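Here are my notes for you, as numbered points. Have a look at the structure first, and then read on.

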Amino acid sequence: MALEKITMPQLGESVTEGTISQWLVAPGDHVNKYDALAEVLTDKVTAEIPSSFTGTVKELIAGEDETLEVGAVICILETEGADEQPAESAKEEAPTPEASAPERPKKAPAKQNAPAGRFSPAVLTLAAEHNIDLGQVTGSGRDGRITRKDVLAYVENGAPVAATPSKTAEPASSAPQKAAPMPTSQVGDRETPIDGIRKAIAKHMVTSKHEIPHAWMMVEADATGLVRYRDGLKNKFKAEEGYALTYFAFFVKAVAQALKEFPILNSTWAGDKIIERADINISIAVATDDHLFVPVIKHADEKSIKGIAREINELAAKARAGKLTQDDMSGGTFTVNSTGSFGSVQSMGIINHPQAAILQVESIVKRPVVIDDMIAIRNMVNLCLSIDHRILDGLVAGRFLQKVKENVETITKENTPIY
């Protein structure tokens, strides 16, 4: 017999960790190769981890709701093969996501009063970045261990940082600050438990706001020609194709065309370099009653408006039915959000990390506009752009918005084919 280690897989581009949301097996269960072992939640999607071997589940290393880095061992299988080795030996050989206590001072914040135990490299790094005393953090992991999400929650809840030593600092005259208490329910309040998807959305948004310096700008575009063109086609299109021809499909096409001229908007911050993506893959925001999903239209610049409309319809249907796959959600390079579908006329989007920008397409509203010194009623739309100010400055962002505006304003029957 032999012991084989199952590790946390890479579940998508830029994904560095996953959370075990549910084990589908227990110690002693027999599994075949490719059988699902667990459901794992990332900041993009929920996926199943398949078994790489046929054998018996020997031990579950990770607990439910525990977050582990890619490559960390999550369970051990006993398979037929070489001589059996003790499970304890296998665990010692396996690289675990946690560092042993003797190595902790190498990564831990200076002079931190961390409790005895073991911490993952991610926990130690976060604690160092935020100067957090791990002795003040309550662990939610197995055996009370502190996880990365515990440190993030501690920071997000307004927790005080550990005091930084200074040669000129005066001795503290008051007792150390304590973390602000979590809100509690009052009589008549209604509590809604936070599920795994909502936790992942929250974590992704916090990461974006913490890491990306957001800047924002807006232009208004005259969509009168677009409205006339689309409204004249929509009934015939729906009858022939079986799905709706929405305004949003035209906007996605206009953005994809503009990204070809301004590829820096289709990029990612990578620490010591900026990566301009070769493919233009447009992420679109799809809201359900409880959650927000961001599936991707691959190679949007190469698709017709009909093709984009079809993908919008299919991805939205899959999102609302809970059938989006990892492939549906991965590879996005720029996000377009149809906030206008909710009646919004102006908003500032949070960038879909690690992308460089997000465009909010607002409601098309009839407004009086001055044309040739005369007032006319036109269909106007606000286009709101949030940018990563590390990558983009106002000049290039403004030029990109002007190009999107130009693309929208020149949509007509004569120069904009649907097929």
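Which residue of strand 17 is the bridge partner of Val336? The answer is in point 2.

1. A word on the basis of these notes. This is a predicted model, in which local features need pLDDT of at least 70 and side-chain atom pairs count only at pLDDT 80 or more, while totals for chains, interfaces and linings use all residues. Residues are numbered from 1 along each chain as its sequence is written, and side-chain values use heavy atoms, with hydrogens and water left out.

2. Let's start with strand 16, residues 334-337. Strands here are DSSP runs of E with at least two residues, helices are runs of H or I with at least four, and both are numbered from the N terminus. The partner of Val336 in strand 17 is Leu359. Strand 16 and strand 17 (residues 357-371) are parallel and share 3 bridges; two strands count as paired if DSSP finds at least two bridges between them. Strand 16 also runs parallel to strand 12 (residues 282-284), again with 3 bridges, and here Phe334 is the partner of Ile282.

3. The side chains of strand 16 are worth a look too. Phe334 and Val336 point one way, Thr335 and Asn337 point the other way, and all are buried (buried is under 20% relative accessible area, exposed is over 50%, and partly exposed lies in between, with a 1.4 Å probe and protein chains only).

4. Strand 3 is joined to strand 6 (residues 55-60) by 2 antiparallel bridges, and His30 has Thr56 as its bridge partner in strand 6.

5. Strand 2 (residues 17-23) has 5 of its 7 residues buried, so the rest of the structure largely encloses it.

6. Now for the helices. The axes of helix 6 (residues 247-261) and helix 7 (residues 305-320) come within 9 Å and cross at roughly 120°. Axes are lines fitted to C-alpha atoms, for helices over the stretch in contact, and angles run from 0 to 180 degrees between N-to-C directions. The two helices are therefore oblique to each other, given that angles under 35 degrees count as roughly parallel, over 145 as roughly antiparallel, 65 to 115 as roughly perpendicular and the rest as oblique.

7. Which residues make that contact, meaning heavy atoms within 4.5 Å? Helix 6 supplies Phe248, Ala249, Phe250, Val252 and Lys253, and helix 7 supplies Ile305, Ile308, Ala309 and Ile312.

8. Lys403 lies in helix 9 (residues 394-409) and is buried, at 16% relative accessible area. Leaving aside neighbours within four places in sequence, Lys403 is in contact with Ala258, Glu261 and Phe262. Ala376, in strand 18 (residues 374-388), counts as partly exposed at 25% relative accessibility. Not counting residues up to four places away in sequence, Ala376 touches Arg367, Pro368, Val369 and Ile371.

Conventions: Contact means heavy atoms within 4.5 Å.
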